[in-house]
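Biologist: I would like to learn how such features are read from a model. Could you take me through them one at a time?

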Amino acid sequence: MKAVAYRQSLPIADAQSLIDIDLPEPELRANDLLVEVKAVSVNPVDTKVRRNVAPPEGQAKVLGWDAAGIVKAVGSAVSRFRVGDRVWYAGAIDRAGSNSALQAVDERIVGPMPATLGFAEAAALPLTSITAWELLFDRLGVAREGGEGQSLLIVGGAGGVGSVLTQIARRLTKLTVIATASRPETQAWAADMGAHHVIDHRQPLADELRRIGHAQVDLVASLTATEQHYAALVEALVPQGKLALIDDPASPLDITALKRKSLSLHWELMFTRSLFQTPDMAEQHKLLGEVARLVDAGVLRSTLTKRFGPLNADNLRRAHAWVESGRAIGKGVLEGF
């Protein structure tokens, strides 16, 4: 089958950083679906793994943790899907990714695709939807329709996760949603996603929060540059507030800074359930099903903003470069081979 992979960790400008290859079709485990991949999107995790995780000598590694496609075959223990179903998923980081014509993926982390979306629009959403949903409801502990009188600060509101988190928080809770963005186009996007307020993270956060009448916030979702804003976030949080993050700080965080206010720190990694085969692994199946229903009801929308053409090494390198530029808004998608 056709696939795009890499054999060594290289800068994305290098033509060998991602290459077109042919691979054997994947073998199915009992709980697996074999999916004909129709569209994929690129996330920061793709670029981080490519840069930092070299495949074993002589082997190729397939990236890609977002996909929409059609079920072509099912494993012996599959009960949730049938051949021909349209599905979407983010997959598991310890298995081959979605940058291939066919992919094996555990049905417990797969959902039925929204009926109202095409494959490209759907592929933009799974990883960011799972991350945003788990961060808000599981890590920060906000209840559906809850959060009245409380505020949520989202650092990096125009990125992939921020775009979905803003929508979910605005439409499914009663939180006041404050997103950060630094350029006119990203500020407009964050507002369009539903943020009540948009502030500039290139300015002192304390000043920006006072400007909108929210000197302190109850909850923080730090999606990027946590180490840069950490001290300001600790200062901005109310006593007994909660800080959640998803990025990889370049330097260790001083957690003792949280003690005086009794602040709590929460990590979100959407791959945890599949990595550890947790008893509640199928919650991601349910989650994606609920997001699909909300999309079909017009409550949530796709965050697709850029199409890179069919899935091949040249186009995927362009998509990786776009993500690495730090100027991406929403999500970029590749569709078809």
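Biologist: How many aromatic pairs does a search of the whole structure find?

Modeller: This is a predicted model, in which local features need pLDDT of at least 70 and side-chain atom pairs count only at pLDDT 80 or more, while totals for chains, interfaces and linings use all residues. Residues are numbered from 1 along each chain as its sequence is written, and side-chain values use heavy atoms, with hydrogens and water left out. A pair of aromatic rings is described by the distance of the centres and the angle of the planes. Rings of Phe, Tyr and Trp (its six-membered ring) pair if their centres lie within 6.5 Å, and planes under 30 degrees apart count as stacked, over 60 as edge-to-face and the rest as tilted. The search finds 3 aromatic pairs. Among them, Trp-65 and Phe-271 have ring centres 6.1 Å apart and planes at 70°, so this pair is edge-to-face.

Biologist: Where in the chain do Trp-65 and Phe-271 lie?

Modeller: Helices (H or I, at least four residues) and strands (E, at least two) are DSSP runs, numbered from the N terminus. Trp-65 is in the loop between helix H1 (44-52) and strand E4 (67-74), whereas Phe-271 is in the loop between strand E13 (264-267) and helix H8 (272-276), 206 residues apart.

Biologist: Is Trp-65 buried or exposed?

Modeller: Buried means under 20% relative accessible area, exposed over 50%, and partly exposed in between (1.4 Å probe, protein chains only). Trp-65 is buried at 0%, and Phe-271 is buried at 2%.

Biologist: Which residue forms a salt bridge with Arg-51?

Modeller: Side chains of opposite charge can pair when their charged atoms come close. A salt bridge is a side-chain nitrogen of Lys or Arg within 4 Å of a carboxyl oxygen of Asp or Glu, and by this rule the count comes to 24. Arg-51 pairs with Glu-324, the closest N and O atoms being 3.3 Å apart. This pair links distant parts of the chain, with Arg-51 in helix H1 and Glu-324 in helix H10 (residues 313-324), 273 residues apart. Arg-51 is partly exposed at 40% relative accessibility, and Glu-324 is partly exposed at 31%.
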